[in-house]
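Q: I have a structure open here and would like to go through it with you. Could we begin with the strands and then turn to the helices?

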Amino acid sequence: MNLIRESVDSVRWVATVIAAFFQVRPWTTLTLIIAITASKIASILAFFLPLKVILLAGSDGVPRYFRFFIDPADKYPWIIGLSIGAVACYMLSLLLDSASKRLSEAGSSEVLQGANEIAVASSQREEAQGYYRRFSGIGANGLLAVIMFSVLGLINPLLLVVMAGLITLQYLFTAGVLHFGSPITPGPTQRMVRRNLGGYLTVFTSVDFLFGFFVLLIPFLLGSGGNLLLAILSILLLRNGLGSISSMVSGVHGLWKNRWQVDPMVFRDQQMRKKEKEVSRTLREVFRKHDREARLSSELNGAGIEFTRLHSEWRDSPIKNVFTFRVVLSKPSESDVYLQHKVFPSAQLHMLEHEEFLFNYVDRSAIRAPKLVCRFQQGPFFSQLCTYGGGVKCTKKVWSKISAGLMTRMWVYEPPKALVSAFNTSRPTLQGRLIPAFLERLEVALDKPREARNYERLLGNLGRLQDVLASVPVYIYNIDMVRENIVLDSEHRPVVTFWGRWAIEPIGASLPRTMKDKDLEEVLKDVRQARGLRESALTSSHVRLANQCRLFEREAARGRYNRAISRLPAILDNPLISA
């Protein structure tokens, strides 16, 4: 990143936008900038004048640094006058703040109307008002910084020179960090600049202020006759001047990042476009094909996997914000080996951790999960390489044949008690989620008497419903066990490739809609036999009830209340509830 070029471009762009504001509403914009600046100056005076009053009132007579404009005979009138002035400055700052808000509303509405002929949403009007005020704030901070440092230069020229040199060195240091640092694996300083600019500027502002403080302290230490009043005034000017520069830089940086959204609100020739997400842009930089294959080769060699050729290709992922590549390893006179390369941004790292937690308790082969090859981090992304069967996708025809058998395998496997206990300590199972606080959301959609009666019946039978669901044996439920996440191994057996969102649920939470009772009974025979259950402990009624409750919960959680309510009869008429 070239900070100097970015700085020039961003400052030029901000100036262009502010100039556009002046073209549409010149007097409103000018008045707004002056009002914001005057409000900040009034706040400074409201803080400075009480200090003068305390120094004057707490001294015997009039201190020497006041005598050039205060006669000792007029001490008390000056104390009263300065006190009144401090209160007046504070009231003036409040008044100017209120006026600037009204000016911001008036100016932003006309700017937005000048850029858009189509009616805009209220949210966009609020955004325009915010942007208009932020740009005006940048102008006000720039004007305030000029005033503060100009007065500071008149009072203490040495301090102004020191500050100018120090700020220049800090800017060049930052430019060097951004230019020579890696955008993929940034160091701590570069990471702070990119992700916490406000904190970075606060550090530099504090350093500058301390340097300025020592410069002001030198005359007093050397006994060369420092002026206490001017020193206090210099500290106030320095602190507020540095604060204005910091606020101005942060403001320009924030608006520059959102220029794709600002420009259509200001310029008639600009159209609204969606900005590419940072994670997408970073993904392109980190996982270019050549770089990706080189890193994969290095990691696989480190894992002791031999191959002569590696090929990696993009695969559309059914999991949102988790990215997938298929990797093919070739050897002479041997069959190709297929791996799946999943990439998790830092925001999705919890899925990878959730999967890792599961397989601390469960053997991967027991639930048809792929074997883990290796994991590694690259930039802000976390990668996982697993076996990918024979690399053969599961077609709709194949899925219709194997889905029931795969579901049976999941039901047959009884989760370890330690896993179930660990899960239940952090998340409620189905019966724990169907509580009055969750069901209350349906009340807004009870428009018919029959629906209201079913809802009341549900509340009346809620305790029994929860008890029945709690009695249903549980299994490891994977919401992502869908065809798009299934691959066939060399023996055409299904492999479930993603386990980042598993849960512990009662058997039946997931059930093919086309499964008939006869087929379901055959499946349950195998499950009962494998788990050593009595026939009464797990029946088709248990499974159907768990399935209907899970579907009911999903519809209600998504705000589809009519669909959720339509499932109540199937729940309430279940023999286990209606008996």
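Q: Which residue in E2 is the bridge partner of histidine 311?
A: The partner is valine 328 in E2. Please note that this is a predicted model.

Q: How many bridges join E1 to E2, and in which sense do the two strands run?
A: Strand E1, residues 309-315, is joined to E2 by seven bridges, and the two run antiparallel.

Q: Is E2 largely enclosed or largely open?
A: Of the nine residues of strand E2 (residues 323-331), eight are buried, so the strand is largely enclosed by the rest of the structure.

Q: What about E3, how does E2 pair with that strand?
A: The pairing of E2 with strand E3 (residues 334-345) is antiparallel and extends over eight bridges. Lysine 331 stands opposite glutamate 334 in E3.

Q: And what lies between E2 and E3?
A: The two strands form a hairpin with two residues between them. In that turn, serine 333 has a positive phi of about 55 degrees.

Q: Where is asparagine 321, and how accessible is it?
A: Asparagine 321 sits in the loop between E1 and E2. Its relative accessibility is 31%, so asparagine 321 counts as partly exposed.

Q: What is the phi of histidine 492?
A: Histidine 492, a residue other than glycine, has a positive phi near 60 degrees. Its place is in the loop between E8 and E9.

Q: Buried or exposed, that histidine 492?
A: Histidine 492 is exposed, with a relative accessible area of 55%.

Q: Moving on to E8 and E9, which sheet do they belong to?
A: They belong to an open sheet of three strands, in the order E6-E8-E9, with antiparallel pairing. Strand E6 (392-393) and strand E9 (494-496) are the edge strands, each pairing on one side only.

Q: How many bridges join E8 to E9?
A: Three bridges join strand E8, residues 486-488, to E9. At one of the paired positions, isoleucine 486 has valine 496 in E9 as its bridge partner.

Q: Which helix lies across those two strands?
A: Helix H13, residues 396-412, lies across E8 and E9 and runs at about 105 degrees to E8.

Q: Now the helices: at what angle do H5 and H7 pack?
A: Helix H5 (residues 157-180) and helix H7 (residues 197-222) pack at about 150 degrees, and their axes are 10 Å apart. An angle over 145 degrees counts as roughly antiparallel, and H5 and H7 are therefore roughly antiparallel to each other. Their crossing is right-handed.

Q: Which residues meet where H5 and H7 pack?
A: On the H5 side they include Leu158, Val162, Leu166 and Phe173, and on the H7 side Tyr200, Phe204, Phe211 and Leu216 are among them. By class, the contact has 13 nonpolar, three polar and one charged residues.

Q: To finish, how many helices and strands does the protein have?
A: There are 23 helices and 10 strands. Of the 579 residues of the protein, 44% count as buried.

Q: What share of the contacts join residues at least 24 apart?
A: Among contacts between residues at least 6 apart in sequence, 70% join residues at least 24 apart.

Technical notes. Residues numbered from 1 in each chain as written. Predicted model: local features only at pLDDT ≥ 70, side-chain atom pairs only at ≥ 80, totals over all residues. Heavy atoms only, no water. Axes fitted to C-alpha atoms, helices over the stretch in contact; angles between N-to-C directions. Helix = DSSP H or I, 4+ residues; strand = E, 2+ residues; numbered from the N terminus. Parallel < 35°, antiparallel > 145°, perpendicular 65-115°, else oblique. Left-handed = near helix turned anticlockwise from the far one by under 90°. Contact = heavy atoms within 4.5 Å. Nonpolar A, V, L, I, M, F, W, Y, C, P; charged D, E, K, R; others polar. Pairing = 2+ DSSP bridges. Buried < 20%, exposed > 50% of the residue type's maximum accessible area, 1.4 Å probe, protein only.
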